[in-house]
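Here are my notes on this one, as numbered points. Have the chain open while you read.

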Amino acid sequence: MALAVGMTACSSSGSPSGDGGTAAADPKNPTGTVTVWLMDDAQKNWPDLVQRVNDDFAAKYPKVTLRLAYQGWADKVSRLDKAIADGNAPDVVELGNTETMKYVLSGALAPVDRTTFDNSDSWIKALANTCTYQDKLWCVPYYAGARVAIYNSAAFQQATGSADFPKTEADLTAAFDKVADKNKSDKSYSPLYLPGPYWYAAMSYVAAYGGSIAKFDGSGNWHGTLHDPKSQQGIGHFTDLVRKYTKGDLSVNEQNQYESMARGHTASFYGNGYEAASVIAPGTGDPGLKDAVKVATMPGPDGKPLPTFIGGSDLAVTAKSPQVALAADWIRMFTGTKSQQALADKDILPNNLTQLNPLKNKPNTAAAANAVPDAWFTPLAPGWGAVEKQKILPDMLTAILKGKSVDQATKEADAAIDQLINKPS
């Protein structure tokens with residue numbers, strides 16, 4: 001169950017059930033209740049920011065009751081779906097950026113005015129795209145996440161004479177070759193552990209070459225574009241890296257890729273920053289690698305950082321909220337410049353490039369911050385959920401690694417995508 005925390009500035013005529021309360025009778029002196037659902041990441045990692053914003057909100061709206069409930073990722077979607085169905089949805093809800101399209105398409109979110117939010121002209125494009133559909137903004141970027149290179153610096157030091165992760169792909173593959181030679185007695189050793197069905201990584205190489213998964217044709221339909229030459233080039237580059245540097249079963253996905261490093265079978269992999277902690281955690285990994293495991297920006301084939309799939313969260317006002325203006329203002333405060341700086345000071349990637357740029361030179365954040373500006377996201381199409389559910393991309397990659405040509409596999413994948421992508425999931 002979520003932990004509910006009442007935040008009340010003074011007595012209020014709002015609904016005690018926290019169902020959104022009643023609409024304000026006087027827009028200059030509003031009353032009622034605003035209910036906010038935040039994920040428990042905020043409770044664990046930046047409760048001071050939450051408290052400060054709630055205090056500011058209470059000072060601005062002294063007759064409004066703010067009700068805050070923290071949610072867990074495991075059951076948030078099911079709880080939100082039930083709350084919406086029961087007519088008891090929160091006024092403000094945090095959504096993982098892969099969740100937004102479901103609620104946009106179902107009519108569960110209210111549009112918001114981009115121009116009224118701080119730094120909206122420099123929001124990270126891929127993050128803002130997760131909130132945008134049919135030229136309307138349906139949520140507000142909150143914070144970003146990125147994939148990075150996670151590597152055993154001791155393994156690189158022993159093989160290359162340097163503990164640093166190379167900054168260009170040419171230097172990186174040269175280092176991989178030296179690492180492979182140094183560990184040639186271990187037939188299961190991977191200089192780069194890059195799982196074959198790891199479509200998030202594969203599509204990063206597609207993005208690096210200027211390709212895409214699918215495009216909107218302007219006449220109201222999406223079409224798969226994996227068969228386009230630039231997309232094929234990225235896919236071919238990815239599968240070449242897999243074949244050359246990854247040992248073992250190439251059909252295994254990336255879910256537990258950190259285990260390969262924890263067991264001493266790989267020098268590097270491409271993953272979410274938190275996976276580095278899993279490598280060295282007692283129980284799941286090897287604490288003895290604590291000083292050796294580091295993160296770095298993964299170089300792409302074009303001389304730039306490899307574009308990352310944009311992770312992170314967004315904040316939305318629910319469509320049936322009776323307190324739309326107040327809910328939007330709470331989001332405005334929580335995502336404003338001062339609030340974003342509070343996140344940046346905790347090494348959390350902010351929602352905009354202006355405040356992200358200083359993190360590119362900070363040791364704890366440089367790897368992720370440098371990967372974000374050219375980040376990509378999945379197509380914001382009605383049927384994208386079905387495309388993922390059918391595992392079209394991982395199956396395509398597995399087929400290529402089993403011998404099917406890139407040309408044939410991408411042609412078949414596009415045909416499968418076209419059957420699903422325009423139909424609501």
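1. First, some terms: two strands pair if DSSP finds at least two bridges between them. Helices (H or I, at least four residues) and strands (E, at least two) are DSSP runs, numbered from the N terminus.

2. Keep in mind that this is a predicted model: local features need pLDDT of at least 70, side-chain atom pairs count only at pLDDT 80 or more, and totals for chains, interfaces and linings use all residues. Residues are numbered from 1 along each chain as its sequence is written, and side-chain values use heavy atoms, with hydrogens and water left out.

3. Now the sheet. Three strands make up an open, antiparallel sheet, ordered β11-β8-β12. β11 (268-272) and β12 (293-296) are the edge strands with a single partner each, so one side of each has no neighbour in the sheet. From one strand to the next, the twist averages 35°.

4. Look at β8 (residues 147-152): five bridges join this strand to β11 in the antiparallel sense. A149 has Y270 in β11 as its bridge partner.

5. What packs on the sheet? Helix α6 (residues 153-160) does, touching β8, β11 and β12 (contact means heavy atoms within 4.5 Å). The direction of α6 makes about 60° with that of β8; axes are lines fitted to C-alpha atoms, for helices over the stretch in contact, and angles run from 0 to 180 degrees between N-to-C directions.

6. There is one disulfide (a pair of cysteine sulfur atoms within 2.5 Å). C131 and C139 form it, with their sulfur atoms 2.1 Å apart. The torsion about their S-S bond is about -110°, so the disulfide is left-handed.
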